[in-house]
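Hello,

Here is the structure you will be working with. Please open it first, then read the notes below it.

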Amino acid sequence: MLRVGIVGVSGFTGLELVKLLLHHPLVEIDYLSARSHVGQPLSDIFPSLKNICDKIIEPIDENRLSKLDVVFLALPHGISMEFVCKLFGKVRIIDLSADFRLPKDLYEKWYKPHLCPNLIKEAVYGLPELNREKIKKAKLIANPGCYATASILAILPFLDIVESDVIIDAKSGVSGAGKSLREDLLFSEVESSFKAYSVAKHRHQPEIEYTLSLVEPVKVTFVPHLLPINRGILATVYAKLKGFFDESYLFEKLEKFYRNEFFIRVSKSLPQINNISGTNFCDISFALDKDNNRLIIVSVIDNLLKGASSQALQNMNIMFGLKEEEGLKLKPYYP
Ligand SMILES: NC(=O)C1=CN([C@@H]2O[C@H](COP(=O)(O)OP(=O)(O)OC[C@H]3O[C@@H](n4cnc5c(N)ncnc54)[C@H](OP(=O)(O)O)[C@@H]3O)[C@@H](O)[C@H]2O)C=CC1
Ligand SMILES: CC(=O)N[C@@H](CCC(=O)OP(=O)(O)O)C(=O)O
């Protein structure tokens, strides 16, 4: 049994991790910690877990963490790295924050000064469909951002045949913003509304551009939107084709690229969020705008799962040589 710990268990992704790990047959949840609610059972914060997980929340203790097999850090960016700096090499770490996803210069341009830039090169960007071999040996996983996961998976199969100027129009449910209180995320602000935010200045633009450019140089314009739903992301990617290709060639290319990927479902009909809510699936399809020779790819994921916690678990399975789908054969919430 793998002895697992979670730091930041009081947050949204922390809760999702607990729910997933409770059903993983090869895992023992050894340690749940948070800054708040210390000494209380987890079910005090999340009453849905009463009689399911009443484990006591402990203070965050590096000694305790270093004795585990693997630690999930479900903390805000800028905070996670404080723990990684101290724990690296003592325990395998899966960091859900952005702290190790970018090289130092780019990180410091978009976030803040890095506390242990020497460890950035040790981190593997935890997108299994791109980096599976590196993940197997990693001591530190930088779990990808939610928008970045949906966007990268959509465009990756076509990178070699599109112009290096890609537009991504993405929409997320409100849980993408985490649990902390914000006026703009009040029900009365979000319900019955829809808006773009952080236009052309969102932190996932450099993450997407940097990750894709390691495969093929590309410039990305990224516009996120806030959907009045709880969870789910839909990303629409617009890319001009370099030559003329018909739909059947493009579909075959997409299908071939993901043929061996259980969690990527390719289809001819455009994907929608209700089909993937509650799962680790990413559904992808496309349309060809023949008049403009533009490829329009659409992908959907659950931001809290394939966009965060279940992808983190997928990474854990790969790191420890377990079956990649172990604990992740989740049924969608909706019919
Ligand atoms: N929500 C999403 O869809 C996604 C989130 N992520 C990333 O995952 C990470 C966690 O996100 P999420 O669960 O949504 O966030 P939440 O805001 O829901 O939870 C954050 C957690 O971090 C803890 N925390 C906050 N500040 C500190 C601190 N200074 N020291 C110690 N603990 C602290 C909180 O504890 P307490 O309650 O005790 O203050 C809480 O447990 C973030 O980096 C986020 O960007 C990545 C992909 C998708
Ligand atoms: C709706 C919403 O607010 N979403 C978040 C996405 C956060 C996330 O996935 O990611 P990081 O781990 O990169 O912070 C946002 O736009 O900041």
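UniProt positions are given in the numbering used here, feature names are shortened, and annotations may be inferred rather than shown by experiment. The unreviewed UniProt entry puts the feature "active site" at Cys146. The model is predicted, so local features need pLDDT of at least 70 and side-chain atom pairs count only at pLDDT 80 or more, while totals for chains, interfaces and linings use all residues. Residues are numbered from 1 along each chain as its sequence is written, and chains are lettered from A and ligands numbered from 1 in the order in which they are written.

Cys146 lies in helix H7 (residues 146-155); helices are DSSP runs of H or I with at least four residues, strands are runs of E with at least two, and both are numbered from the N terminus. Cys146 counts as buried because it has 30 C-beta neighbours inside 10 Å; the cut-off for buried is 20 or more other C-beta atoms within 10 Å, with C-beta atoms placed from the backbone. Neighbours within four places in sequence aside, Cys146 is in contact (C-beta atoms within 7 Å) with Ser172, Gly176, Ile233, Asn303, Gly307 and Ala308.

Ligand 1 is surrounded by 27 residues, each with its C-beta atom, placed from the backbone, within 6 Å of the molecule. The closest are Gly11, Ser36, Ser97, Gly178 and Lys179. Helix H1 (residues 12-21) gives the largest share of this shell, three residues.

Nine of the 10 residues of H1 are buried. Strand E1 (2-7) and helix H11 (309-319) are among the elements that cover them.

Regards

Methods:
Buried ≥ 20, exposed ≤ 12 C-beta atoms within 10 Å, placed from the backbone. Contact = placed C-beta atoms within 7 Å.
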